[in-house]
Amino acid sequence: MDNQLKTTCLHGEHVALGAKMSPFAGFDMPIQYSNITAEHNAVRNAAGIFDVSHMGEIFINGPQATEFVNHIFTNDVRTLVPGQILYGMMLYPDGGTVDDLLVYKEFAPDAYLLVVNAANIDKDYEWMLRNAEGYEVGILNDSDNWGQVAVQGPGSEAVVSKVLGMDLSGLVFYHFEDFELYGKRAIISRTGYTGEDGFEIYATPEAIVDLWKTFLAAGVVPCGLGCRDTLRFEAGLPLYGDELSADISPVMAGLSMFCKLDKEEFIGKEALVKQKAEGVARKLVGIEIADRAIPRAGYPVVLDDGTEVGVVTTGYHSISLDKSICFALVDAAYAPLGTPLNIQIRHKVFPGVTVKKRFYQTNYKK
Amino acid sequence: MSKILDELLYSESHEWVKVDGNIAIIGVSDFAQEEMGDITYVDAPAEGDTVAKGEDFGALESVKASSELYSPVSGNVVAVNEELEDKPELINEDPYGAWIIKVEMSDKSELDTLLSAAAYAEIAQ
């Protein structure tokens with residue numbers, strides 16, 4: 001095994017459960033415990049728990065915290081009330097994406113928690129430091145001191161309420177509460193990456209290990225990164241590295257609603273304004289093919305005459321919908337819904353058509 | 001430890017071959033199906049297609065990944081296991097019973113390059 005790989009606080013639990021482990025974002029992570037389909041269905045129908053301790057937690061505070069976060073973040077945090085969460089991106093000046101992230105507005109004044117992708121923690125932290133010049137803020141990368149689990153699925157409110165002894169019926173989507181575990185701060189938010197109702201719980205690594213065991217004992221199904229990807233994909237959610245990257249702007253990815261171009265400024269704003277005005281060369285679309293063959297990342301999107309007009313970014317035979325579908329980045333001319341586009345899968349070409357990217361009807365508690 | 005049948009020949013890419021006169025019956029090994037996990041789709045050629053030794057003739061798909069199938073021999077596809085169309089999981093359940101294609105070999109000497117069960121056991125671990 002690569003000795004550069006990091007492990008989360010739950011690594012020993014995964015190994016003990018016999019999980020199939022694989023490197024992801026620099027961590028040795030569980031891909032599946034039983035099989036991807038069963039774990040996927042557990043989240044859609046009941047409740048599953050994911051180890052997401054590899055995610056990064058970066059804390060921003062200081063008199064100019066709001067101005068600073070608004071400077072590096074595409075969405076507008078000035079409208080947030082304490083306990084509220086916003087999704088958005090950090091951009092390069094050319095509009096390419098540094099990362100997509102959640103911003104938590106803390107209950108303390110002038111303080112925010114930024115939750116970033118595991119693969120991007122160091123890059124994001126350096127990006128924040130570099131762009132903080134002139135702002136009176138403190139930036140703390142506290143990722144190593146936090147563990148995190150996501151409990152997801154229609155049964156999650158009942159089981160999380162029971163395990164934590166909290167009434168969570170009033171906690172609505174994209175909001176969080178602070179509480180304590182073993183005398184240390186913990187956070188629970190009604191967020192997730194599956195298209196289902198669910199919670200993400202942040203606490204010390206020791207507390208997270210105990211929570212994990214308690215949730216398993218309560219019948220919550222351990223779920224690996226394999227089904228995390230099938231679930232988020234069906235719900236139309238992007239994965240940094242596949243649907244967003246330094247080369248893929250939020251406008252190209254169809255995520256303009258998270259970019260507030262009416263803010264005075266943020267890094268990358270001018271580039272996005274230009275992209276909106278002039279159009280982008282490529283756009284992210286959904287494509288459905290009428291066959292059980294599976295469009296995988298990297299497969300070409302082709303016209304009837306064989307001309308290549310795009311590439312698949314993520315694709316599956318959808319577990320919940322029993323259809324072969326994918327995200328693909330295609331020449332903008334072919335992006336409108338209903339456009340016939342073919343996908344080349346090995347030696348064969350399969351006819352398909354562009355469809356909405358949210359393949360699965362999400363079930364959030366708003 | 002995965003199962004390896006003594007009476008079969010194997011390729012380094014984990015296909016097995018059962019020889020019946022001029023016909024090579026081809027499937028994938030127990031080791032291969034275990035590595036793949038639950039197989040959800042079998043992409044197989046059609047009857048009458050030609051296959052060439054070492055070239056891919058189709059693929060197995062699991063939820064997460066696809067794994068190409070490489071032909072251990074050259075020849076014409078004379079039969080395709082149509083049962084796998086609706087029941088790809090048969091490969092997981094009975095990898096040595098769930099054959100994928102039958103090939104009428106154009107050059108039986110190609111069999112000499114395949115691995116015995118003992119030699120395959122060395123790489124299937």
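In this predicted model, chain A contains a closed six-stranded barrel in the order S14-S17-S16-S15-S18-S19, with antiparallel pairing; strands are DSSP runs of E, at least two residues long, numbered from the N terminus, and two of them pair if DSSP finds at least two bridges between them. From one strand to the next the twist averages 45 degrees. Strands S14 (residues 282-289) and S19 (residues 348-355) of chain A run antiparallel and are joined by four bridges. Within S19(A), Val353(A) is the bridge partner of Glu288(A).

Chain B is in contact with chain A through 16 of its residues, which meet 18 residues of chain A; contact means heavy atoms within 4.5 Å. The area buried between the two chains is about 1400 Å², 41% of it from carbon and sulfur atoms, where buried area is the accessible area (1.4 Å probe) lost on putting two parts together, summed over both. Tyr41(B), Val63(B) and Lys64(B) supply 44% of the area that chain B buries against chain A, more than any other three residues.

Five salt bridges are counted between chain B and chain A, each a side-chain nitrogen of Lys or Arg within 4 Å of a carboxyl oxygen of Asp or Glu. One of them links Asp229(A) to Lys64(B), with the closest N and O atoms 3.6 Å apart. On the side of chain B that touches chain A, strands S4 (39-43), S6 (56-62) and S7 (66-70) of chain B each give two or more residues, and S6(B) contributes the largest share, five residues.

Residues are numbered from 1 along each chain as its sequence is written, and chains are lettered from A in the order in which they are written. Local features need pLDDT of at least 70, side-chain atom pairs count only at pLDDT 80 or more, and totals for chains, interfaces and linings use all residues, while side-chain values use heavy atoms, leaving out hydrogens and water.

Methods: Axes fitted to C-alpha atoms, helices over the stretch in contact; angles between N-to-C directions.
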